[in-house]
Amino acid sequence: MPHPYHLRTSAGPAIGRLTPVPANTLEKTSISTPNATVHLALHIKNLRAASSSSSSSSSSSSSSSSSSSSSLLQLPSTSPYFNHKNHTNDLYALCITFVPKTPISGDALVWGNHFSHPIRDSLPLAFPLLFSAARWIDPSLDADVYADEPWIYGPALASMSTISTSSSHHSARRVGKKDRGGGGEEEEEEEAGGLVEDNGLGLTAKARRKHFLTEGKRKEWVFEAGKVYKMEFSGPWLDFGEFRVVLPGFRVDILKYWDGQPLRFLLRNKESGEVYLVVEFELVDGEEGEGSDGRSTSSGEDID
């Protein structure tokens, strides 16, 4: 039967300092920490957004938070991002602009998931196979899912779908309205269509990810202070409409194993422990927060 849940999205500089953020708009959320500035845009296919009135996030007094909160009530169920030929099969995209204020080692910057409470008792029996499938997609992943605070991380240089460091790519990569389905100014069109790999190494995204599987190569790279790094984490592996994980050979119904915790993505420094960005996806009961168009995208299938 159709699931009753909606999705609440929030972000901030720390787990305890999150505010609601809109998805499927051209609006960006800005986050500042002592050592970095981050701008975030979210794109989610088949979004069923939770009402901001049910948000439990802190720091709701700022004007930017109020603007984001109200926009959550009328979010579209998809984004022009997914109309582009490079992203028609994607189900989500986290688009990040990262500007360090101090140099950061390429080996130190990691991206992945963090849970506040144990998940070992709710993992599916096939989890080792699932993680093997995940590492087939991203061989750089490391994890301890049996810890009291479980985590799954990979180096950002190898885990991000797309990275651009070129200061000139913004003007050079504009795409016309025909390629985006029309509407919006040129800069908006580019944002809607996603980022083009321009990593400064002359490598394709696939080659860059393979290149930085080697620890020594990552240590040779430095995220320079004041330089703008644009990154995207996107793909077809998380279905937020059906609340499923879709991996090669597997489809897992998240609700069967969900223990009530949100799914969090963190961008952090593994050496200093500093967190630069937290993005949180939380399931909210449909009766608690009806948003977007309120429709169900579930097919009713129950697949382990």
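This is a predicted model: local features need pLDDT of at least 70, side-chain atom pairs count only at pLDDT 80 or more; totals for chains, interfaces and linings use all residues.
**Exercise 1. Work out the order of the open sheet of 5 strands, and find which strands stand at its edges.**

Step 1. Write the order. The strands run S3-S4-S5-S12-S10, and the pairing is antiparallel.

Step 2. Find the ends. Strand S3 (29-33) and strand S10 (162-164) each have a single partner strand, so one side of each lacks a neighbour in the sheet.

Step 3. On average, neighbouring strands here are turned by 20 degrees against each other, direction ignored.

Step 4. Zoom in on one pair. S3 and S4 are joined in the antiparallel sense over 5 bridges. Ser-30 stands opposite His-39 in S4.

**Exercise 2. Identify the residues of the largest nonpolar core that touch the most other members.**

Step 1. Start with the core. It has 43 residues. Those touching the most other members are Leu-94, Ile-96, Phe-98, Trp-111, Met-160, Leu-267 and Leu-277.

Step 2. Trace the suppliers. Elements that each give at least two residues to this core include strand S1 (5-12), strand S5 (92-100), helix H3 (156-159) and strand S17 (275-285).

Step 3. Take one member. Leave aside the neighbours of Leu-94 within four places in sequence. Leu-94 then has contacts that include Ala-41, Leu-42, Trp-111, Phe-233 and Phe-281.

Step 4. Look beyond this core. A second, separate core has 9 residues, among them Phe-127, Ala-134, Leu-141 and Ile-152.

**Exercise 3. Explain why the buried residues of helix H2 are on the same side.**

Step 1. List them. In H2 (residues 127-137), the buried residues are Phe-127, Leu-130, Phe-131, Ala-133 and Ala-134.

Step 2. Recall the general rule. An α-helix has 3.6 residues a turn, so residues three or four places apart point the same way.

Step 3. Check both faces. The buried residues of H2 pack against strands S8 (142-144), S9 (151-155), S14 (244-247) and S15 (250-253). The face turned away from the buried side carries exposed Leu-129 and Trp-136.

Note on methods: Residues are numbered from 1 along each chain as its sequence is written. Side-chain values use heavy atoms; hydrogens and water are left out. A nonpolar core is a set of buried Ala, Val, Leu, Ile, Met, Phe, Trp, Tyr and Cys residues joined through side-chain atoms within 4.5 Å. Buried means under 20% relative accessible area, exposed over 50%, partly exposed in between (1.4 Å probe, protein chains only). Helices (H or I, at least four residues) and strands (E, at least two) are DSSP runs, numbered from the N terminus. Contact means heavy atoms within 4.5 Å. Two strands pair if DSSP finds at least two bridges between them. Axes are lines fitted to C-alpha atoms, for helices over the stretch in contact, and angles run from 0 to 180 degrees between N-to-C directions.
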